[in-house]
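Please open the structure in your viewer and keep the sequence beside it. The stops below say what to select next and what is to be found there.

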Amino acid sequence: MANSSQARKRARQAIVHRRRNMGHRAKFRTFVKGVEAKVASGDYDAATAAFKDAEPIIDSMVNRKLIHKNKAARHKSRLNHKIKLLAPES
């Protein structure tokens with residue numbers, strides 16, 4: 001247990017930050033899974049719309065320093081690739 005007042009405060013802050021970060025990470029995962037579900041259903045337009053909604057969420061996780069920028073780029077790239085495979089041939 002923390003002994004100094006500073007350490008006690010930091011422990012309290014860590015709990016608050018952890019809860020907030022867990023919520024943000026859950027939101028990130030939810031949006032990614034939403035795009036993957038639309039891709040699995042085979043609906044190109046719905047998948048594209050879901051990706052456009054998910055992209056700013058993924059970027060905001062980088063700005064919050066919850067995920068690394070390369071991880072965000074990897075997720076966006078893989079999701080976009082899956083969506084492009086659904087694109088109607090024209």
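Begin by selecting R29, which lies in helix α1; helices here are DSSP runs of H or I with at least four residues, numbered from the N terminus. R29 counts as partly exposed because its relative accessibility is 46%, where buried means under 20% relative accessible area, exposed means over 50%, and partly exposed is in between, with a 1.4 Å probe and protein chains only. From R29, look across to A54: the two are 25 residues apart in sequence, and their C-alpha atoms are 9.6 Å apart in space.

Before going on, note that this is a predicted model, in which local features need pLDDT of at least 70 and side-chain atom pairs count only at pLDDT 80 or more, while totals for chains, interfaces and linings use all residues. Residues are numbered from 1 along each chain as its sequence is written, and side-chain values use heavy atoms, with hydrogens and water left out.

**Helices α1 and α2**

Now select helix α2, residues 44–63, together with α1; their axes come within 9 Å and cross at roughly 160°. Such axes are lines fitted to C-alpha atoms, for helices over the stretch in contact, and the angles run from 0 to 180 degrees between N-to-C directions. The two helices, α1 and α2, are therefore roughly antiparallel to each other, a term for angles over 145 degrees, whereas angles under 35 count as roughly parallel, 65 to 115 as roughly perpendicular and the rest as oblique. To see where α1 and α2 meet, colour H24, K27, F28, F31, V32, G34, V35, K38 and V39 on the α1 side, and A46, A47, A50, F51, D53, A54, I57, I58 and M61 on the α2 side; contact means heavy atoms within 4.5 Å. The residues of this contact divide into 13 nonpolar, two polar and three charged, with Ala, Val, Leu, Ile, Met, Phe, Trp, Tyr, Cys and Pro counted as nonpolar, Asp, Glu, Lys and Arg as charged, and the others, Gly among them, as polar.

Is H24 buried or exposed? H24 counts as buried, because its relative accessibility is 17%. Leaving out residues up to four places away in sequence, H24 touches M61, R64 and L66, and the side chain of H24 makes a polar contact with the side chain of R64 at 3.4 Å. A polar contact is a pair of N or O atoms within 3.5 Å; within protein, one must be able to donate a hydrogen and the other to accept it, and residues adjacent in sequence count only if both atoms are side-chain atoms.

Next select R25, also placed in helix α1, which is partly exposed, with a relative accessible area of 31%. Its C-alpha atom is 7.5 Å from that of L66, although R25 and L66 are 41 residues apart along the chain.

**The loop and helix α3**

Move to K65, found in the loop between α2 and α3. K65 has a positive phi of about 60° although it is not a glycine, and at 72% relative accessibility K65 counts as exposed.

Within α3, pick K76, whose side chain makes a polar contact with the side chain of D59 at 2.7 Å. Not counting residues up to four places away in sequence, K76 touches F51, E55, I58 and D59.

**Back to helix α1**

For the last pair, select α1, residues 5–41, with α3, residues 69–86; their axes come within 10 Å and cross at roughly 20°. What is the direction of α1 and α3 relative to each other? They are roughly parallel. Here F28, V32, V35, E36 and V39 in α1 meet H75, L79, K82, I83 and L86 in α3, and by class this contact has seven nonpolar, one polar and two charged residues.

End on K82, placed in helix α3, which counts as partly exposed at 37% relative accessibility. Leaving aside its neighbours within four places in sequence, K82 is in contact with E36 and V39. To finish, find I15, which is 67 residues from K82 in sequence and 37 Å from K82 in space, C-alpha to C-alpha.
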